Amino acid sequence: MSHPADTPSIPLAPEVLRNATLPDGRRADIHLADGRVTALVDQPGKPDQPDRADTGRGPAAGPGSIDLGGALVLPALVDGHAHLDKTLLGAPWQPHPTSATLREHIANERALRVSTGVPVTDRATALAHRMVSLGTGHVRSHVDIDPDVRLDGLRELVEVREKFRDRLGIQIVAFPQSGVVTAPGVADLLDAALSEGADLIGGLDPAGFDGDVDGQLDIVFGLAERHGAGVDIHLHDGGVTGTRQLRDIAERTAALGLDGTVTVSHAYALGEVDATELDRTATALATAGVAIMTNGPRHSMPPVLRLREHGVRVFAGSDNIRDTWWPYGTADMLERATIIGLQGDLMSDGELRHADSMITDEAAAALGLTDYGLAPGCRADLVVIAAGGVPEAVAAHPRRLLVLHGGRVVGPAPETDFPDFPAVSVTGGDAFAPQGER
């Protein structure tokens, strides 16, 4: 098929996406109306199509249709953990800073983000544009809340969230980057953040950073209960120190009836303990309904398949994208699924499909997206991918051909998040030709 972005006559709100490959491998026409999927109509004459209880019936394809030529259609990708306020996209390249301690790194980060001279709104906008173009329809972004930044970053992200509301769903977590108990006034700032637009309350290493597990969790879960908000806690603490905190979080989640609204991000400890400790902790997490987010770290990644066997929801996020924490990151969630697959030894087609679920269905469920999916009645947040099926899409993370949000075409779009460079004139044009061709 031709690249939809190169087709001037493409309808901005298509009525039918014809000849699509669905996640289960079927070929079908996807009918859309009023921003939702209204029907999935199997194409006739396609052998070995799995039965479907109710695909619905839509109108015949007309001028508002797009022929996808068999390209794969997925529900929009979901980035379950990002930091829109931290990215340095939209600013010139910054050398990666090194720091001896976590607190030193936080201080260096704050100074560098100011010295770039590029406002949070501009940098976050650059990253949000890239996310949309790569097929992400929903993202959960943490935003720093501390005695220095206070609520400034939150207010800037609320502005970006409103700017992108027709292209990208943005959830905001009030994140205490400088700690809770050890940072004077942060508890009050977190309370205010939940009143001023944050959707969830965050936390950070209750033992390793604050040195007071009960003190931090009392504040975090107290605010969650008061505001009716979800919880998403960064937990880098390793070994049994980390798993003990995971069980503490699970216990509080169950006591407050917060099943399905609490996430622990990273949870490195789950990849560092023996089988007995892992199974004990996974059982507690599954029973309480606590989800785990991983970005596929270079060490101590939670064992994705083992946790799934226990019934723990595990989903994916980018985490840091081109900021002071990592110079890496592209915002491509299919690439993130590739990274997790490589780290977790996910190799079979079934395992590649599970990696895909971590950036689609599982992530959407963790974020509480109730009308998400590719079925009649779901929001038409969709991405068309140059692949013949889900395993290929995860393994190769190929280009995105079309991105829809609420049934409207929103991407892909040309990159707009890099500084302008002067045109480069190359002299001696044959200098790069093979020896025999000069």
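Predicted model: local features only at pLDDT ≥ 70, side-chain atom pairs only at ≥ 80, totals over all residues.
Just after helix H6, Gly257 takes a positive phi of about 65°. Much of H6 is tucked away: Gly239, Gly242, Thr243, Gln245, Leu246, Arg247, Ile249, Ala250, Arg252 and Thr253 are buried. The cover over these buried residues includes helices H5 (213-227) and H7 (275-288), along with strands S10 (230-235), S11 (262-266) and S12.

Thr243 shows how this looks for a single side of the story. It sits in helix H6 and counts as buried because its relative accessibility is 0%. Beyond four places in sequence, Thr243 touches Ala269, Leu270, Val273, Glu277 and Thr281.

Strand S12 (residues 290-294) holds Ile292, which counts as buried because its relative accessibility is also put at 0%. Leaving out residues up to four places away in sequence, Ile292 touches Leu246, Val264, Ala267, Leu270, Leu285, Pro302, Val312, Arg313, Val314 and Phe315. Leu246, one of these partners, is among the buried residues of H6. Thr263 lies 29 residues away from Ile292 in sequence, yet the two C-alpha atoms are 5.6 Å apart in space.

Past the end of that strand, in the loop between S12 and helix H8 (304-310), comes Asn295. Is Asn295 buried or exposed? Its relative accessible area is 2%, so Asn295 is buried. Setting aside neighbours within four places in sequence, Asn295 is in contact with His266, Gly317, Ser318, Asp319, Trp326, Arg336, Ile339 and Ile340.

In soluble globular proteins, nonpolar side chains tend to be buried together. Here, the largest nonpolar core has 85 residues, and those with the most contacts inside it are Met131, Ile145, Phe221 and Ile292. Helix H2 (residues 120-133) gives the most to this core, namely seven residues. A second, separate core of 21 residues includes Leu32, Leu68, Val73 and Leu404. Back in the largest core, Ile145 is one of the residues with the most contacts. Not counting residues up to four places away in sequence, Ile145 touches Arg150, Leu151, Leu154, Ala174, Phe175, Pro176, Gln177, Val186, Leu189, Leu190 and Ala193.

The structure holds zero aromatic pairs, but Arg167 lies over the face of Phe164, at 4.2 Å from the ring centre.

A few backbone details deserve a look. Asn19, in strand S1 (residues 16-21), has a phi near 60°, a positive value in a residue other than glycine. With a relative accessible area of 15%, Asn19 falls under the 20% cut-off and is therefore buried. Asp205 likewise is not a glycine but has a positive phi, of about 35°. Asp205 is found in the loop between strand S9 (200-204) and H5, and it is buried because its relative accessible area is 5%. Towards the other end of the chain, a cis peptide bond joins Gly411 and Pro412, with omega at about 5°. Pro412 belongs to the segment after strand S16 (408-411).

For the protein as a whole, the secondary structure comes to twelve helices and 16 strands. Of its 438 residues, 55% count as buried. Among contacts with a separation of 6 or more, 75% are made by residues 24 or more positions apart.

Finally, a word on confidence. The protein averages a pLDDT of 88, and 87% of the residues score at least 70. Where does pLDDT stay under 50? One such stretch is residues 47-61, for which the model has 26 contacts beyond four places in sequence. Residues 415-438 also have a pLDDT below 50, and this stretch has 14 contacts in the model beyond near neighbours in sequence.

Terms used
Residues numbered from 1 in each chain as written. Heavy atoms only, no water. Phe/Tyr/Trp six-rings, centres within 6.5 Å; stacked < 30°, edge-to-face > 60°. Lys NZ or Arg CZ within 6 Å of the ring centre and 35° of its normal. Helix = DSSP H or I, 4+ residues; strand = E, 2+ residues; numbered from the N terminus. Buried < 20%, exposed > 50% of the residue type's maximum accessible area, 1.4 Å probe, protein only. Contact = heavy atoms within 4.5 Å. Core = buried A, V, L, I, M, F, W, Y, C linked by side-chain atoms within 4.5 Å. pLDDT = per-residue confidence, 0-100.
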